[in-house]
Every structure is written in structure tokens, then in C-alpha cells.
Amino acid sequence: MTLKAETLAHKANETILFVDDEPLSLKYFKSSVGKYANVVTASSPEAAMHILEQAGNDISVVVSDERMPRESGVSFLSEVRKSWPSTVRVLTSAYANIDNLQHAINDAAIYRFVPKPWNLDELCTAMQDALHVERSAAAISEPVLGPATGGDAESANIALLAILAAGLEAPLKSLDTEALQIAQLSRPNSLEAAPSVTSYLGSWGSRLRLGKMNASAMQIRRDVEHCKSLAKSIGNLARSLSDPAAAQSSSMGDTLSEVVEQAVICPSGTTLANLATGQDFTYRVPREIMKFVLANLLRGSMKSNTFPGVELVSGAEHNEVRIVSTLDCEPAPLENNQWRTVRCALWAFGGELLSTTDNSLSTTTLTVCLPKA
């Protein structure tokens, strides 16, 4: 069966119920998600309950907005959980806080939180993931009770991490947009006439302030990009930890290839073949964590378009990834904040980050030490 035929076959048997008091949200959800499943909409929890009472066993996923006139989305999904525990429950809202999300996990056992305003691609991906979860649960004849079932606090906290990480996307995007606008407004106007010496000296103070504003705005944008990278890694890690497949070992060569293929990390045309040497090995650190570690180390060891060399070493007691760069682009010391997060990520899984310098070769090497898989 082709992928398209398989998708159509699943669509014929799967229904998503979406509840929101905003007519435009109902319209956009149905037009976007309708290609992946049958979509039924309701403008209130009462109307949704009536639909569930008529055809609850045929509904795979229930999605609810949080803020509605007479009942919150968390309260509604909690009631859905009691009567139709096998449904996959998803909460969406433009307003989210830790306490409310914790209630959503503990009381409603939601599978995912999707922040508003929606990124339609991410919304559709979330719905496909939810359908996959329901499909997998149905195949093994077990109800999907969400991460908090049975008082599993660890699973609930993992789910909360994924939700909070996703919730950072919208404010970080807004910060980046505002910082870009400030940077553009504080740039010197290239169309202005060349100033006289007198006017140049007289405007020196204002130009200095504009230059500082521009530098600050660009630093904010760099910090935002770093935070977005962290949030994405946290969300991916949380999802991988809740997935039994995350315990499987991964190929370091394959992981490094994924990282290298990202244009934001390496110069165009760089491939693993002209980058890494040595012997591939497997590891058991969650793949998303290792991608985060490698991406940050490679970025920190780059200067201009000069990409550092990478050597994979399979040792008798432990395995290593060695990232070698020239001294003129020497990475920051390990105690620097730049590497603190990376080291903590490795420590959590029994790894370590070391740094050595060889003055005779004018090189510095960052070494990721990992336990044998």
C-alpha cells in the first residue's frame, strides 16, 4: 500500500473532535487537519459532550481550546477522560501557565499542548502524532490514559517539559521580531547626505547610542536563537524519553551526519565524508541530547568558514568524539557558561567534556567522552 493510500485508509476510520467557541478557529482547524482525518467541530463543551455521547467510541482524538465562556478546556478534557479514556486528548490555547498545564497533565492526562496562534504545519504534525498514538494503542488493545495515569509523577514531569518547551516558541519568536525591528531602526541611514565635520561631531552622542542599540538588539537575537535551540532540544528530549524506542542505541556517525547537514552549523558543501575520521560507534544517550551537544560544540569551534576536524574513537573502556580546531578559533574555557549546559547534558548520562591544547600543532581539542553502549 502506498503512503497516500495508507493515509486515506486511516482517514476513513479516524475522527478528531475539535471544541472552540471561536468560529474562525473551527474553520481553520477543519480546513487544515481535515486532510488527515475526519474532523467534527463543536462550539461548546456541552455540544461536544452531546457528540461524544452519540459517537464517543468512534472518536480517536479530542482537541479543546482552554478558554471558553462556561467551562475550561482542562475541565472538559478531564470529563472526557473519565468516560472515554482511550481518546487522545490535546489542549490548545493562547494563554498557558505552569499551574494550568500541570492540571492539564494530572487531571486530563493530555497528550500534547499546542500553543496559539497556530503554526499550521506544527498543528498538523501534532494531530498526526496524536492519531499515531491512538492507532498504536488500539493495536495493542490498551487505552491511552496519558502520561499521568497511575500517579506516574516522572512521566507527568517529562510531558510537562515538552509542553513548556513548546510554549516558549511564540514569545521567543516575538522577541526576535522586536529585536530585528530595533536593529533595523538603529542602523545608520545610508541615504543621508554626507555630514559636515561640525554636524558629524555634534551628532556623535546620538550615533553612539544608536550603535549601542543596534549591538544590543543583535545580541538579543543571538540569545533568542540559543534559547529556541534549547527549547527545541528539551521538547525533543522529553518526547524521546517518553518513547520506549529512546532506550535503543544510536550510531554516532549517523547522528553526526544529521548535525552536519544543518546549514546553520556548517559551511555549504561540507559532508561527513570530508569531516570525520576514525571508527564509528554506538551510544545510548538520547539522540536529541547528542545532537544538541554536537551542534553546540561544532558551532563553538568554528571560525568564519573554517570547520573543525572530527575524530571518532572507539576505545576499550569508553568512546570519544574529538573536535579539533586551530588555536586562532580556540573555544571558550569549559567553565564558561557557553559549555555549562553541554556538560550538564553529558553528566546526566555518564559522559564528560574535556579540553586539551597542543601548542606544537597549534590546535585545541574538545573531547566528548561517553560510556560504552
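Modeller: Accessible areas here come from the Shrake-Rupley method with a 1.4 Å probe, and for residues only the protein chains shown count as cover. The protein chain exposes about 20,300 Å², and carbon and sulfur atoms supply 54% of that area. This is a predicted model, in which local features need pLDDT of at least 70, side-chain atom pairs count only at pLDDT 80 or more, and totals for chains, interfaces and linings use all residues. Residues are numbered from 1 along each chain as its sequence is written, and side-chain values use heavy atoms, with hydrogens and water left out.

Colleague: Why is S32 called buried?

Modeller: Buried means under 20% relative accessible area, exposed over 50%, and partly exposed in between (1.4 Å probe, protein chains only). S32 has a relative accessible area of 9%, so S32 is buried. Buried residues make up 41% of the 373 residues in the protein chain.

Colleague: Which helix holds S32?

Modeller: S32 is found in helix α2, residues 23-33. Helices (H or I, at least four residues) and strands (E, at least two) are DSSP runs, numbered from the N terminus. The protein chain has 13 helices and twelve strands.

Colleague: What does S32 touch, leaving out residues up to four places away in sequence?

Modeller: S32 touches L120 and C124, where contact means heavy atoms within 4.5 Å. S32 and L120 are 88 residues apart in sequence, yet their C-alpha atoms are 7.0 Å apart in space.

Colleague: Why does C124 count as buried?

Modeller: C124 has 8% relative accessibility, so C124 counts as buried. C369, at 12%, therefore counts as buried too.

Colleague: How many disulfides does a search of the whole structure find?

Modeller: The search finds zero. A disulfide is a pair of cysteine sulfur atoms within 2.5 Å.

Colleague: Where is T364, and why is T364 called buried?

Modeller: T364 is found in strand β12, residues 363-371. Its relative accessibility is 1%, so T364 counts as buried.

Colleague: Is I182 buried, exposed or partly exposed, and why?

Modeller: I182, in helix α8, has 38% relative accessibility and therefore counts as partly exposed.
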